[in-house]
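Please read the briefing below alongside the sequence and the model.

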Amino acid sequence: MRIFIGCLVVVACSLLFALPVKASTRQMRQTHSIEIEVECIDTAIEIIRELNGYNLESHVFMNEVWGRSPQRQANFTRRVEDWAFRHVQEELRRMGEVLWESENAQFLGAQIGSVVTRLVALNQEIDRLTVMMAASDSLDVLIAIDSRLSQLHMERNQLIGQQNVLLAQTTSPVITIILLEIPEERPALEPQTFGARIGSRFSNSWRNTLTAGGNLLVFIARISVPLIALSLPLGFLIFVIRLWYKRKNTNISTETNPLETIENEEGQE
C-alpha cells in the first residue's frame, strides 16, 4: 500500500512539473516577428483587429515593385495576452504564406529584482526619515528632511513606473506583423519599332535640352539680381571719385604761378 501511494505521489509531481508555465511566472519577455504575404491586405487587417490584444503602432503604405502594380504593405506592433500568444501566432500563420518568422525570449528577473530591491531600500529610508521628522523640533532639520523626502518620493514613483513596465512586458508579449499584398502583374509592353525608338530618344533629348536651358535661364536670373544690386552703389562710388578727381585737376590748372604773374605784368608795361 505504501509503495502504491508513493507511486501516486511521484506521478502527481511529474504531472505538476510538466504543466506549462506562463511567461509572467518565469519573468520572460517574449517577442515574435512574422512577415506574411496575403491576397488582400484589407481582409488581413480585419482579421488582426479581431485577434486578442491591441496595436501599439500601425501604418499602411505603398511600395513600387518593378514590373508589377504598386504593392501595399502594412506593419503592426501588437501586444497580446500571455495566454493567447500561441493562438495569435497560429491565426497569423493561416492568413497567408509566411515569408519570414522569428521568436525571441529575454529573462527580466534580474531587472525586476533590482527594481524591487531599490524600492524596498527607498521605502525603508522614507519610513526612517518620517520618524525623524516627527521627533525633531529644529526648523533646519525639518526643512532638510522634507527636501530629502520629496526627492525620495520622486525616485520611488520612477521605480514603480519601471516595475510596471517590466511586469507588463512579462505578461503581454509583443508581436511585430508585416503584411505584403500580392501585387498584380502588369501587362507586357509591346516591342517598339526602330523609328519609334529613335523618335522617343530624340524627344527625350529635346526635353532634357529644354529643361537644361530653362535651368540655365533661372540661374542667370537669380545671379543677376545680387550683381545688379551690388553694381549700383559701386557705380555711384566710382562716379563720385571721378567727379572729385576732375574738380581737383581743374583747381590745380587754374592756380597762377607767381613768376608767370610777374612776367605777364612786365610784358604789359
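**Overall picture**

Of the contacts in the chain with a separation of 6 or more, 80% are between residues 24 or more positions apart, a contact being heavy atoms within 4.5 Å. This is a predicted model, in which local features need pLDDT of at least 70 and side-chain atom pairs count only at pLDDT 80 or more, while totals for chains, interfaces and linings use all residues. Residues are numbered from 1 along each chain as its sequence is written, and side-chain values use heavy atoms, with hydrogens and water left out.

**Chain and secondary structure**

- The chain holds eight helices and five strands, taken as DSSP runs numbered from the N terminus (helices H or I, at least four residues; strands E, at least two).
- Along the sequence these elements follow the pattern α-α-β-α-β-β-α-β-α-α-β-α-α.
- Of the 269 residues, 20% are buried, where buried means under 20% relative accessible area, exposed over 50%, and partly exposed in between (1.4 Å probe, protein chains only).
- The accessible surface is about 20,300 Å², and 61% of that surface belongs to carbon and sulfur atoms; areas come from the Shrake-Rupley method with a 1.4 Å probe, and for residues only the protein chains shown count as cover.

**The sheet**

- Five strands form an open, mixed sheet in the order S2-S3-S5-S1-S4, two strands being paired if DSSP finds at least two bridges between them.
- Strand S2 (54-63) and strand S4 (97-107) are the edges, each pairing on one side only, and the twist from one strand to the next averages 10°.
- S2 pairs with strand S3 (residues 71-79) in the antiparallel sense over nine bridges, with His 59 opposite Asn 75 and Asn 55 opposite Arg 78.
- S3 and S5 also run antiparallel, joined by seven bridges, and here Arg 78 has Ile 175 as its bridge partner.
- Helix H3 (residues 41-50) lies across S1, S2, S3 and S5, running at about 5° to S3; axes are lines fitted to C-alpha atoms, for helices over the stretch in contact, and angles run from 0 to 180 degrees between N-to-C directions.

**A buried proline**

- Pro 173 sits in the loop between helix H6 (139-171) and S5, and counts as buried because its relative accessible area is 1%.
- Leaving aside neighbours within four places in sequence, Pro 173 is in contact with several residues, including Gln 30, Arg 78 and Phe 85.
- Pro 173 and Phe 85 are 88 residues apart in sequence, yet their C-alpha atoms are 7.0 Å apart in space.

**Salt bridges**

- The count comes to eight salt bridges, each being a side-chain nitrogen of Lys or Arg within 4 Å of a carboxyl oxygen of Asp or Glu.
- Glu 90 and Arg 93 form one of them, at 2.9 Å from N to O; being three residues apart in helix H4 (residues 85-93), they are separated by about one helical turn.
- Arg 93, which is partly exposed at 28%, also forms a salt bridge with Glu 101, with the closest N and O atoms 2.6 Å apart.

**A nonpolar patch**

- Leu 216, Leu 217, Phe 219, Ile 220, Ile 223 and Leu 227 make a nonpolar surface patch of about 610 Å²; patches are made of residues with over 30% relative accessible area and no salt bridge, with like charges joined within 9 Å and nonpolar side chains (Val, Leu, Ile, Met, Phe, Trp, Tyr) within 5 Å.
- Leu 217 belongs to helix H7 (residues 194-254), and counts as exposed because its relative accessibility is 60%.
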